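Open the model in your viewer and keep the sequence panel beside it. The stops below say what to select and what is there.

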Amino acid sequence: MKPTVIAGALLLFASTAHAQIVITPTTAVFTPSTDDAMVSGYRIVKRQIGPGTVTLLLDIGKPAPDPQTGDIAVDISAAVALLPVGVYYEAIVQMLNPLGVVIGGNSPPSNAFTNGGGPGPPTPPLSGPPTRVVITGDDSG
Amino acid sequence: MRRWLLCAVFLFSLAVLLATFSMAQTSHPCDSTYGTSFTITATQFAKIKWCRPATMVIDGAIVNVDGVDLQPITATKQTPSPNAAGEVQWQVILLTTLSKANHTVFLRDYNINTLTGVRQETTTPAGPFALGVVDPPPAPPTGPPTRVNIT
């Protein structure tokens with residue numbers, strides 16, 4: 001049975017996501033194949049939305065599923081950071097046999113995601129005192 | 001004759017242009033110098049303005065009155081563009097009236113680190129400033145005297 005990608009989880013940018021588009025996701029979560037015993041590994045590929053070419057995002061081996069949910073969660077932050085900023089993708093999970101050959105077809109695509117370029121540099125602290133200070137009365141009081 | 005007329009029109013146009021240009025040159029508040037002693041009335045909020053390089057990120061200020069820090073106040077930028085020295089003016093308004101007395105005021109501005117969420121105050125406050133809070137002037141008469149009798 002095909003694995004199912006159920007989310008591109010995120011921590012920092014959930015509130016700024018456009019609808020289902022996740023900005024700079026950190027985690028991919030998917031439900032493994034029911035034929036997991038026959039699978040030697042999983043591969044996450046990405047497909048640019050629009051042109052649609054499938055390319056490798058990450059070979060993840062065969063992580064153990066979460067004992068409570070049965071899902072597999074993978075940190076994809078490093079792979080996402082290497083993507084060009086502002087290009088939109090969807091992720092697909094593939095199963096591999098011991099020879100590294102894709103077997104059993106693809107999972108349905110994930111929600112869309114993009115590399116937002118990270119949170120940016122920290123705000124530099126202030127130095128020195130404020131200058132040219134003036135105090136006046138405000139009549140709205 | 002016609003040449004004189006053209007010359008007069010040209011000079012008049014030049015004068016109008018210069019007058020318009022000089023009117024457009026308003027002074028920037030960060031070009032002014034201010035003292036260290038100020039006075040407001042007991043019915044007014046204290047409005048504090050200061051200047052910082054436009055490159056600095058300013059989110060608010062903490063006003064210290066007589067040794068006590070008031071709650072941080074969000075600052076608003078008062079000048080959309082910097083002066084020649086690259087400074088812009090910021091403002092906070094104390095939304096509480098101060099008691100009628102002479103107060104000592106310090107000002108520390110701060111920004112919020114967008115990465116950590118931590119408030120970063122300037123290590124060097126501005127001040128001390130003397131702030132006198134006085135009675136408001138008596139209200140002027142609002143109408144003419146009535147029932148005037150001359151005997």
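Two residues are in contact if their C-beta atoms, placed from the backbone, lie within 7 Å. In chain B, residues 24 or more positions apart account for 67% of the contacts with a separation of 6 or more. For chain A, the corresponding share is 64%.

Two notes before the first stop. This is a predicted model, in which local features need pLDDT of at least 70 and side-chain atom pairs count only at pLDDT 80 or more, while totals for chains, interfaces and linings use all residues. Residues are numbered from 1 along each chain as its sequence is written, and chains are lettered from A and ligands numbered from 1 in the order in which they are written.

**Stop 1: the two chains**

Colour by secondary structure; helices (H or I, at least four residues) and strands (E, at least two) are DSSP runs, numbered from the N terminus. Select chain A: 1 helix and 10 strands are there, in the order β-β-β-β-β-β-α-β-β-β-β. Now select chain B, which also has 1 helix and 10 strands, running α-β-β-β-β-β-β-β-β-β-β from the N terminus.

A residue is buried if 20 or more other C-beta atoms lie within 10 Å of its own, exposed if 12 or fewer, and partly exposed in between, with C-beta atoms placed from the backbone. Buried residues make up 26% of the 141 residues in chain A and 23% of the 151 residues in chain B.

**Stop 2: where the chains touch**

Show both chains. The contact involves 21 residues from chain A and 38 residues from chain B. The chain A side divides into 9 nonpolar, 9 polar and 3 charged residues. Here Ala, Val, Leu, Ile, Met, Phe, Trp, Tyr, Cys and Pro count as nonpolar, Asp, Glu, Lys and Arg as charged, and the others, Gly among them, as polar.

**Stop 3: a sheet across the chains**

Two strands pair if DSSP finds at least two bridges between them.

Which order do the strands of the open sheet follow? The 4 strands run β10(A)-β2(B)-β7(B)-β6(B), with antiparallel pairing. β10 of chain A and β6 (76-77) of chain B stand at the edges with a single partner strand each, so one side of each has no neighbour in the sheet. β6(B) and β7(B) pair over 2 bridges, and Thr76(B) has Gln91(B) as its bridge partner.

**Stop 4: the nonpolar cores**

A nonpolar core is a set of buried Ala, Val, Leu, Ile, Met, Phe, Trp, Tyr and Cys residues joined through C-beta atoms within 7 Å. The largest has 28 residues, and Ile135(A), Ala46(B) and Trp50(B) are among those with the most contacts inside it. A second, separate core of 18 residues includes Ile44(A), Val45(A), Ile72(A) and Ile92(A).

Centre on Ala46(B). Its contacts, not counting residues up to four places away in sequence, include Ile135(A), Gly137(A) and Leu131(B).

**Stop 5: backbone details**

Most residues other than glycine have a negative phi, and most peptide bonds are trans. Select Thr24(A), where phi is positive, near 50 degrees. Thr24(A) counts as buried because 23 C-beta neighbours lie inside 10 Å. Last, select Gly127(B) and Pro128(B): the peptide bond from the one to the other is cis, with omega near 5 degrees.
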